[in-house]
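Here are my notes on the model you sent over. They go from the overall fold to one helix and then to the charged pairs.

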Amino acid sequence: MARKYFARANTSSGCINLLENNLSGMNVCSIGGRSKSAKSKLMKTAAGYFEAKGMKAEYIVSPFDIKRYDAVIIRDVKFAMADSELLGKNPDTDTDSCLRIRSLEISEDYMEELEKRADCGYEGLYNAYGRAKQIHDEWEKIYIDNMDFERMNLYSTETIGRIIKTGEESRAGTRMERFFGASTMDGSVNYIDNLTEGLERRYFIKGRPGTGKSTFLKKLAKAAETAGYDTEVYYCSFDKDSLDMVLVPELGMCVFDSTAPHEMFPNRENDEIIDFYTEAGLIGVDEKFEKQLEHIKRKYSFRIFEGMANLRLASGFDMEREYYLERITDCDELARTADKLVRRVM
(Lines give C-alpha, C1' and ligand atoms only; values in the text may rest on other atoms or scores of the structure.)
Protein backbone atom coordinates (compact mmCIF):
# COMPACT_ATOMS: atom_id res chain seq x y z
CA MET A 1 0.00 0.00 0.00
CA ALA A 2 1.34 3.45 -0.95
CA ARG A 3 2.02 5.68 2.02
CA LYS A 4 -0.17 8.75 2.44
CA TYR A 5 0.18 11.70 4.78
CA PHE A 6 -0.14 15.48 4.91
CA ALA A 7 2.64 18.07 4.78
CA ARG A 8 0.17 20.94 5.26
CA ALA A 9 -2.60 21.38 7.78
CA ASN A 10 -5.34 23.89 8.64
CA THR A 11 -4.34 24.74 12.20
CA SER A 12 -5.33 27.30 14.82
CA SER A 13 -2.32 29.32 13.62
CA GLY A 14 -3.30 29.20 9.95
CA CYS A 15 -2.16 26.89 7.18
CA ILE A 16 1.19 25.33 8.14
CA ASN A 17 3.44 24.08 5.32
CA LEU A 18 6.11 21.44 6.06
CA LEU A 19 6.53 20.30 2.45
CA GLU A 20 10.18 21.25 1.96
CA ASN A 21 11.27 19.19 4.98
CA ASN A 22 9.74 16.08 3.40
CA LEU A 23 11.48 16.71 0.08
CA SER A 24 14.92 16.82 1.67
CA GLY A 25 17.47 14.80 -0.30
CA MET A 26 15.17 14.44 -3.31
CA ASN A 27 15.66 15.68 -6.87
CA VAL A 28 12.50 17.81 -7.01
CA CYS A 29 10.56 18.65 -10.15
CA SER A 30 8.21 21.57 -9.44
CA ILE A 31 4.88 21.42 -11.27
CA GLY A 32 3.26 24.72 -12.24
CA GLY A 33 -0.09 25.75 -13.63
CA ARG A 34 -3.44 27.32 -12.74
CA SER A 35 -5.31 24.12 -12.03
CA LYS A 36 -4.53 22.31 -8.78
CA SER A 37 -6.36 19.27 -10.16
CA ALA A 38 -4.26 19.20 -13.33
CA LYS A 39 -1.04 19.39 -11.31
CA SER A 40 -2.22 16.57 -9.07
CA LYS A 41 -3.27 14.39 -12.02
CA LEU A 42 0.11 14.89 -13.67
CA MET A 43 1.91 13.77 -10.50
CA LYS A 44 -0.41 10.80 -10.01
CA THR A 45 -0.02 9.69 -13.65
CA ALA A 46 3.77 9.95 -13.50
CA ALA A 47 3.84 8.08 -10.17
CA GLY A 48 1.82 5.29 -11.80
CA TYR A 49 4.66 4.67 -14.27
CA PHE A 50 7.14 4.26 -11.42
CA GLU A 51 4.77 1.99 -9.48
CA ALA A 52 4.32 -0.17 -12.58
CA LYS A 53 8.06 -0.81 -12.42
CA GLY A 54 7.79 -2.00 -8.82
CA MET A 55 8.81 1.22 -7.10
CA LYS A 56 6.94 2.63 -4.10
CA ALA A 57 5.36 6.06 -4.13
CA GLU A 58 4.54 8.34 -1.21
CA TYR A 59 1.52 10.58 -1.75
CA ILE A 60 1.41 13.86 0.15
CA VAL A 61 -2.30 14.67 0.30
CA SER A 62 -3.81 18.14 0.09
CA PRO A 63 -5.69 19.14 3.27
CA PHE A 64 -8.07 21.15 1.10
CA ASP A 65 -9.16 18.22 -1.05
CA ILE A 66 -8.02 14.68 -0.20
CA LYS A 67 -8.49 13.65 -3.85
CA ARG A 68 -5.60 15.94 -4.77
CA TYR A 69 -1.88 15.69 -4.00
CA ASP A 70 0.56 18.41 -3.00
CA ALA A 71 3.52 16.22 -3.91
CA VAL A 72 4.54 12.66 -4.75
CA ILE A 73 7.87 11.12 -3.71
CA ILE A 74 9.64 8.14 -5.34
CA ARG A 75 12.41 7.38 -2.85
CA ASP A 76 13.83 4.47 -4.91
CA VAL A 77 15.21 6.99 -7.42
CA LYS A 78 15.35 9.98 -5.04
CA PHE A 79 12.83 11.85 -7.13
CA ALA A 80 9.86 13.98 -6.17
CA MET A 81 7.20 16.06 -7.89
CA ALA A 82 5.58 18.96 -6.05
CA ASP A 83 3.22 21.88 -6.65
CA SER A 84 5.52 24.82 -7.45
CA GLU A 85 3.11 27.23 -5.73
CA LEU A 86 3.77 25.49 -2.40
CA LEU A 87 7.54 25.63 -2.90
CA GLY A 88 7.71 29.24 -4.05
CA LYS A 89 9.72 28.16 -7.10
CA ASN A 90 9.44 28.55 -10.85
CA PRO A 91 7.96 25.40 -12.40
CA ASP A 92 10.06 22.84 -14.25
CA THR A 93 6.90 21.43 -15.85
CA ASP A 94 3.86 23.63 -16.51
CA THR A 95 0.41 22.05 -16.74
CA ASP A 96 -0.96 25.21 -18.38
CA SER A 97 0.22 23.68 -21.67
CA CYS A 98 -2.54 21.09 -21.13
CA LEU A 99 -5.29 23.72 -20.75
CA ARG A 100 -5.76 24.55 -24.42
CA ILE A 101 -8.54 22.46 -25.94
CA ARG A 102 -11.15 25.23 -25.56
CA SER A 103 -11.70 28.60 -23.91
CA LEU A 104 -12.95 29.10 -20.38
CA GLU A 105 -16.74 29.13 -20.14
CA ILE A 106 -16.67 32.00 -17.64
CA SER A 107 -14.80 35.28 -17.40
CA GLU A 108 -11.44 35.74 -15.75
CA ASP A 109 -13.11 38.29 -13.46
CA TYR A 110 -15.42 35.58 -12.13
CA MET A 111 -12.46 33.22 -11.62
CA GLU A 112 -10.80 35.92 -9.52
CA GLU A 113 -14.03 36.44 -7.58
CA LEU A 114 -14.18 32.71 -6.76
CA GLU A 115 -10.62 32.87 -5.45
CA LYS A 116 -11.42 35.89 -3.26
CA ARG A 117 -14.49 34.19 -1.82
CA ALA A 118 -12.48 31.07 -1.06
CA ASP A 119 -9.80 33.14 0.70
CA CYS A 120 -12.51 34.79 2.81
CA GLY A 121 -13.80 31.37 3.86
CA TYR A 122 -10.32 30.19 4.83
CA GLU A 123 -9.83 33.34 6.91
CA GLY A 124 -13.05 32.50 8.75
CA LEU A 125 -11.75 28.96 9.33
CA TYR A 126 -8.50 30.13 10.92
CA ASN A 127 -10.25 32.76 13.06
CA ALA A 128 -12.66 30.14 14.42
CA TYR A 129 -9.84 27.69 15.10
CA GLY A 130 -7.87 30.42 16.87
CA ARG A 131 -10.80 30.99 19.24
CA ALA A 132 -11.16 27.22 19.68
CA LYS A 133 -7.49 27.04 20.72
CA GLN A 134 -8.11 29.61 23.49
CA ILE A 135 -11.00 27.48 24.78
CA HIS A 136 -8.83 24.36 24.55
CA ASP A 137 -6.28 26.07 26.79
CA GLU A 138 -9.02 26.44 29.44
CA TRP A 139 -9.75 22.73 29.06
CA GLU A 140 -6.09 21.82 29.54
CA LYS A 141 -5.70 24.03 32.63
CA ILE A 142 -8.19 21.98 34.64
CA TYR A 143 -6.06 18.85 34.25
CA ILE A 144 -2.72 20.67 34.57
CA ASP A 145 -3.80 22.14 37.91
CA ASN A 146 -4.63 18.67 39.23
CA MET A 147 -1.72 16.62 37.88
CA ASP A 148 0.92 14.77 39.87
CA PHE A 149 3.91 16.02 37.87
CA GLU A 150 6.54 14.08 39.81
CA ARG A 151 4.74 10.80 39.20
CA MET A 152 4.11 11.69 35.54
CA ASN A 153 7.74 12.63 34.86
CA LEU A 154 8.99 9.40 36.40
CA TYR A 155 6.55 7.34 34.33
CA SER A 156 7.54 9.20 31.13
CA THR A 157 11.27 8.64 31.71
CA GLU A 158 10.81 4.93 32.44
CA THR A 159 8.56 4.44 29.40
CA ILE A 160 10.94 6.21 27.00
CA GLY A 161 13.84 4.11 28.32
CA ARG A 162 11.81 0.96 27.69
CA ILE A 163 10.81 1.93 24.15
CA ILE A 164 14.03 3.48 22.79
CA LYS A 165 17.01 1.17 23.01
CA THR A 166 20.35 2.98 22.82
CA GLY A 167 23.53 1.48 21.48
CA GLU A 168 27.17 2.10 22.37
CA GLU A 169 27.80 4.11 19.20
CA SER A 170 25.35 6.08 17.14
CA ARG A 171 25.15 8.67 14.42
CA ALA A 172 22.89 11.71 14.51
CA GLY A 173 19.38 10.72 13.48
CA THR A 174 17.33 12.70 10.97
CA ARG A 175 13.81 14.07 11.44
CA MET A 176 10.91 14.22 8.99
CA GLU A 177 8.06 16.53 10.03
CA ARG A 178 4.50 15.76 8.89
CA PHE A 179 0.84 15.51 9.82
CA PHE A 180 -0.99 12.17 9.85
CA GLY A 181 -4.35 13.92 9.81
CA ALA A 182 -5.99 17.18 8.85
CA SER A 183 -9.24 19.12 8.90
CA THR A 184 -10.59 18.81 5.36
CA MET A 185 -13.81 19.52 3.49
CA ASP A 186 -14.64 15.86 4.22
CA GLY A 187 -14.20 16.37 7.97
CA SER A 188 -11.32 15.14 10.11
CA VAL A 189 -9.24 12.69 8.04
CA ASN A 190 -6.22 10.68 9.19
CA TYR A 191 -3.90 8.06 7.72
CA ILE A 192 -2.80 6.34 10.94
CA ASP A 193 -3.71 2.85 9.70
CA ASN A 194 -1.88 3.47 6.43
CA LEU A 195 1.27 4.78 8.11
CA THR A 196 1.42 2.11 10.82
CA GLU A 197 0.74 -0.83 8.53
CA GLY A 198 3.45 -3.45 9.01
CA LEU A 199 4.88 -1.97 12.21
CA GLU A 200 5.67 -4.55 14.90
CA ARG A 201 4.69 -2.37 17.85
CA ARG A 202 2.17 0.41 18.28
CA TYR A 203 1.71 2.34 21.52
CA PHE A 204 -1.64 4.09 22.07
CA ILE A 205 -1.47 7.08 24.43
CA LYS A 206 -4.71 7.63 26.37
CA GLY A 207 -5.24 10.74 28.44
CA ARG A 208 -6.86 14.16 28.66
CA PRO A 209 -5.89 17.59 27.31
CA GLY A 210 -2.88 18.96 29.14
CA THR A 211 -1.75 15.66 30.66
CA GLY A 212 1.65 15.70 28.95
CA LYS A 213 1.03 13.54 25.88
CA SER A 214 2.77 15.96 23.51
CA THR A 215 5.62 16.67 25.94
CA PHE A 216 6.20 12.94 26.23
CA LEU A 217 6.28 12.54 22.45
CA LYS A 218 8.78 15.40 22.08
CA LYS A 219 11.09 13.74 24.63
CA LEU A 220 10.64 10.40 22.86
CA ALA A 221 11.52 11.90 19.47
CA LYS A 222 14.62 13.56 20.93
CA ALA A 223 15.70 10.28 22.52
CA ALA A 224 15.28 8.44 19.21
CA GLU A 225 17.28 11.04 17.27
CA THR A 226 20.02 11.11 19.93
CA ALA A 227 20.23 7.31 19.69
CA GLY A 228 20.85 7.67 15.94
CA TYR A 229 17.46 6.67 14.57
CA ASP A 230 15.80 8.41 11.62
CA THR A 231 12.51 9.61 13.05
CA GLU A 232 9.17 10.68 11.62
CA VAL A 233 7.33 13.19 13.81
CA TYR A 234 3.69 14.00 13.15
CA TYR A 235 2.38 17.29 14.51
CA CYS A 236 -1.13 17.95 15.74
CA SER A 237 -3.15 19.31 12.81
CA PHE A 238 -4.96 21.69 15.19
CA ASP A 239 -1.95 22.93 17.17
CA LYS A 240 1.44 22.90 15.41
CA ASP A 241 3.21 23.26 18.78
CA SER A 242 1.98 19.80 19.80
CA LEU A 243 3.07 16.37 18.60
CA ASP A 244 0.59 13.59 17.88
CA MET A 245 2.86 10.74 16.78
CA VAL A 246 6.45 9.59 16.67
CA LEU A 247 7.33 6.79 14.23
CA VAL A 248 10.76 5.10 14.11
CA PRO A 249 10.94 2.85 11.02
CA GLU A 250 14.19 1.13 12.07
CA LEU A 251 12.59 0.03 15.34
CA GLY A 252 9.35 -0.93 13.63
CA MET A 253 7.32 1.06 16.13
CA CYS A 254 5.23 4.17 16.66
CA VAL A 255 3.71 5.99 19.62
CA PHE A 256 0.69 8.19 19.04
CA ASP A 257 -1.98 10.22 20.78
CA SER A 258 -5.02 7.98 20.51
CA THR A 259 -7.68 10.44 21.65
CA ALA A 260 -10.43 12.28 19.73
CA PRO A 261 -10.59 13.18 16.89
CA HIS A 262 -8.28 10.24 16.07
CA GLU A 263 -9.21 7.83 18.84
CA MET A 264 -8.24 4.23 18.20
CA PHE A 265 -7.94 1.07 20.27
CA PRO A 266 -5.46 -1.84 20.17
CA ASN A 267 -6.37 -4.56 17.69
CA ARG A 268 -3.02 -6.27 17.08
CA GLU A 269 -1.10 -8.70 19.27
CA ASN A 270 1.73 -6.30 20.15
CA ASP A 271 -0.38 -3.14 20.54
CA GLU A 272 -0.04 -1.49 23.94
CA ILE A 273 -1.85 1.32 25.81
CA ILE A 274 0.10 4.05 27.63
CA ASP A 275 -2.34 5.41 30.24
CA PHE A 276 -1.53 9.04 31.04
CA TYR A 277 -4.84 9.66 32.82
CA THR A 278 -4.12 7.15 35.54
CA GLU A 279 -0.36 7.75 35.76
CA ALA A 280 -0.89 11.52 36.09
CA GLY A 281 -2.99 10.89 39.20
CA LEU A 282 -6.17 12.27 37.64
CA ILE A 283 -8.68 9.63 38.72
CA GLY A 284 -11.83 11.47 39.81
CA VAL A 285 -11.02 14.80 38.11
CA ASP A 286 -13.59 14.23 35.33
CA GLU A 287 -16.32 13.76 37.92
CA LYS A 288 -15.21 16.65 40.14
CA PHE A 289 -15.26 19.19 37.28
CA GLU A 290 -18.04 17.57 35.25
CA LYS A 291 -20.20 20.69 34.74
CA GLN A 292 -17.27 22.98 33.98
CA LEU A 293 -15.80 20.49 31.52
CA GLU A 294 -19.13 20.01 29.78
CA HIS A 295 -19.47 23.78 29.30
CA ILE A 296 -15.95 24.03 27.86
CA LYS A 297 -16.53 21.09 25.51
CA ARG A 298 -19.69 22.72 24.14
CA LYS A 299 -17.91 26.02 23.49
CA TYR A 300 -15.01 24.23 21.86
CA SER A 301 -17.24 22.07 19.66
CA PHE A 302 -19.15 25.15 18.48
CA ARG A 303 -15.95 26.89 17.33
CA ILE A 304 -14.71 23.75 15.59
CA PHE A 305 -18.08 23.44 13.85
CA GLU A 306 -17.84 27.11 12.83
CA GLY A 307 -14.38 26.53 11.41
CA MET A 308 -15.47 23.45 9.47
CA ALA A 309 -18.44 25.34 8.02
CA ASN A 310 -16.08 28.03 6.72
CA LEU A 311 -13.72 25.38 5.34
CA ARG A 312 -16.53 23.69 3.41
CA LEU A 313 -17.73 27.07 2.11
CA ALA A 314 -14.24 27.96 0.89
CA SER A 315 -13.75 24.51 -0.61
CA GLY A 316 -16.97 24.92 -2.56
CA PHE A 317 -15.61 28.02 -4.29
CA ASP A 318 -12.33 26.22 -4.98
CA MET A 319 -14.20 23.26 -6.45
CA GLU A 320 -16.19 25.53 -8.77
CA ARG A 321 -12.97 27.13 -10.00
CA GLU A 322 -11.40 23.73 -10.60
CA TYR A 323 -14.54 22.54 -12.41
CA TYR A 324 -14.09 25.14 -15.14
CA LEU A 325 -10.34 24.53 -15.42
CA GLU A 326 -10.81 20.76 -15.67
CA ARG A 327 -13.28 21.22 -18.53
CA ILE A 328 -10.52 22.74 -20.67
CA THR A 329 -7.83 20.23 -19.67
CA ASP A 330 -6.47 18.01 -22.44
CA CYS A 331 -6.03 14.72 -20.58
CA ASP A 332 -4.09 13.15 -23.46
CA GLU A 333 -1.61 16.01 -23.37
CA LEU A 334 -1.40 15.61 -19.60
CA ALA A 335 -0.48 11.92 -20.01
CA ARG A 336 2.15 12.79 -22.63
CA THR A 337 3.66 15.39 -20.30
CA ALA A 338 3.81 12.81 -17.49
CA ASP A 339 5.52 10.31 -19.81
CA LYS A 340 8.15 12.89 -20.81
CA LEU A 341 8.74 13.70 -17.15
CA VAL A 342 9.32 10.06 -16.24
CA ARG A 343 11.66 9.50 -19.20
CA ARG A 344 13.85 12.34 -17.92
CA VAL A 345 14.32 10.45 -14.64
CA MET A 346 14.52 6.80 -15.77
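**Notes on the predicted model**

1. Surface. The protein exposes about 16,800 Å². Carbon and sulfur atoms supply 48% of that area. Keep in mind that this is a predicted model.

2. Overall dimensions. The C-alpha atoms fill a box of roughly 65 × 50 × 30 Å along the principal axes. Does the radius of gyration agree or disagree with a compact globule, and what is the value? For 346 residues, a compact globule would have a radius of gyration near 20 Å; the protein has 22 Å, which agrees.

3. Fold content. The protein has 11 helices and 16 strands. Buried residues make up 52% of the 346 residues. Take the contacts with a sequence separation of 6 or more: 80% of them come from residues 24 or more positions apart.

4. Helix α5, length. This helix covers residues 149-163, which is 15 residues. At 1.5 Å a residue it should span 21 Å.

5. Which residues of α5 are buried? They are Met152, Tyr155, Ser156, Thr159, Ile160 and Ile163. These residues cover an arc of only 130° around the axis, which puts them on the same side of α5. An α-helix has 3.6 residues a turn, so residues three or four places apart point the same way. On the other side of α5, Glu150, Leu154, Thr157 and Glu158 are exposed.

6. Cover over α5. What covers the buried residues of α5? The cover includes strands β12 (201-206), β15 (253-257) and β16 (272-275). It also includes helices α7 (213-226) and α8 (276-279).

7. Ser156. This residue is found in helix α5. Its relative accessibility is 5%, so Ser156 counts as buried; the cut-off is under 20%. Leaving out residues up to four places away in sequence, Ser156 touches Phe216 and Phe276.

8. Lys39 and Glu85. The structure holds 29 salt bridges. In one of them, the side chains of Lys39 and Glu85 meet at 3.7 Å, N to O. The pair links distant parts of the chain: Lys39 is in helix α2 (residues 36-52) and Glu85 is in helix α3 (residues 84-87), 46 residues apart. Are the two partners buried or exposed? Lys39 has 1% relative accessibility, so it counts as buried. Glu85 is exposed, with a relative accessible area of 56%.

9. Glu306 and Arg131. These side chains meet in a salt bridge at 3.0 Å, N to O. Glu306 lies in helix α10 (residues 290-326) and Arg131 in helix α4 (residues 108-144), so the pair ties together parts 175 residues apart in sequence. Glu306 is partly exposed, with a relative accessible area of 21%. Arg131 counts as partly exposed at 31% relative accessibility.

10. The side chains of Asp145 and Lys141 meet in a salt bridge at 2.7 Å, N to O. Lys141 is partly exposed, with a relative accessible area of 49%.

Technical notes. Residues numbered from 1 in each chain as written. Predicted model: local features only at pLDDT ≥ 70, side-chain atom pairs only at ≥ 80, totals over all residues. Heavy atoms only, no water. Helix = DSSP H or I, 4+ residues; strand = E, 2+ residues; numbered from the N terminus. Expected span 1.5 Å × (residues − 1). Buried < 20%, exposed > 50% of the residue type's maximum accessible area, 1.4 Å probe, protein only. Arc of directions from axis to C-beta. Contact = heavy atoms within 4.5 Å. Rg over C-alpha atoms; globule rule 2.2 N^0.38 Å. Areas by Shrake-Rupley, 256 points an atom, 1.4 Å probe, with all protein chains shown as cover. Salt bridge = Lys/Arg side-chain N within 4 Å of Asp/Glu carboxyl O.
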